[in-house]
Amino acid sequence: MSSVAPESASPNLRLTHAQYETVVSHCFDGFPDEACGLLAGPLVPGAVAGTGEVTAAYPCLNADKSARTYTVDSRDYLRAVRDAESRGDEIIGVWHSHTHTDAYPSPTDVRQAVDPAWLYVIVSLRDQEPVLRAYRIRNGEIAEVAVALQRG
């Protein structure tokens, strides 16, 4: 199995094995371009952050069609938001692949971090095995979040 992040920031990102496979498979499918998608889950009542639990993973089109940048296709974004809200959830994060670099936010990733409550998941395809890591990016500060794979 691929590497996941060590614990450092809270709450943890909690993915099922099936969601993990959806994310990583979509990244391979997008190669050689970066692939991207959205994550849905519950928010903490009265807080600005999610619980870390992922209830749905939505593969999206990279509108940039680029090996260096990504933009979630607006139609895919709207579809994911509508589906998440229909189930009482919110978009809690985004994932994308790094095709030739580490699973760590680039300066572009930090500049484009749109929501301080979101989790930012990066899958590196640089090595033989993919590496999935997650972060919170707030005011330009990067904090790694542990990734827990759950049954279900």
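Val 121 has Ala 134 in strand 6 as its bridge partner. Strand 5 (119-124) and strand 6 (residues 131-138) run antiparallel to each other, with five bridges between them. Strands here are DSSP runs of E with at least two residues, helices are runs of H or I with at least four residues, and both are numbered from the N terminus. Two strands count as paired if DSSP finds at least two bridges between them. The link from strand 5 to strand 6 is a hairpin of six residues.

This is a predicted model, in which local features need pLDDT of at least 70 and side-chain atom pairs count only at pLDDT 80 or more, while totals for chains, interfaces and linings use all residues. Residues are numbered from 1 along each chain as its sequence is written, and side-chain values use heavy atoms, with hydrogens and water left out.

Now follow the chain onward. Strand 6 and strand 7 are antiparallel too, joined by five bridges. Arg 138 has Glu 141 in strand 7 as its bridge partner. The hairpin here has two residues between the strands, and Asn 139 takes a positive phi near 55°.

Six strands form an open sheet with mixed pairing, in the order 3-2-4-5-6-7. Which strands are at the edges? They are strand 3 (56-60) and strand 7 (141-145), each of which pairs on one side only. From one strand to the next, the twist averages 30°; the strand axes are lines fitted to C-alpha atoms, and angles run from 0 to 180 degrees between N-to-C directions.

The largest pocket has a volume of about 260 Å³. A pocket is found on a 1 Å grid over the protein atoms alone: it is an open set of points where a 1.4 Å probe fits, with protein on both sides within 12 Å along at least five of seven lines, and lining residues have an atom within 4 Å of a point. The volume is the space filled by probe spheres set on the points, which are joined across faces, edges and corners. Of its 16 lining residues, the closest to the centre are Tyr 70, Val 72, Val 94, Gln 112 and Val 114. Strand 4 (90-98) and strand 5 are the elements that give two or more residues to this lining. By class, the lining has twelve nonpolar, three polar and one charged residues. Ala, Val, Leu, Ile, Met, Phe, Trp, Tyr, Cys and Pro count as nonpolar, Asp, Glu, Lys and Arg as charged, and the others, Gly among them, as polar.

The second largest pocket holds about 220 Å³ of space. Its lining includes Glu 34, Arg 68, His 98 and Asp 109. Helix 3 (residues 107-111) gives the most to this lining, with three residues. By class, there are two nonpolar, seven polar and three charged residues.
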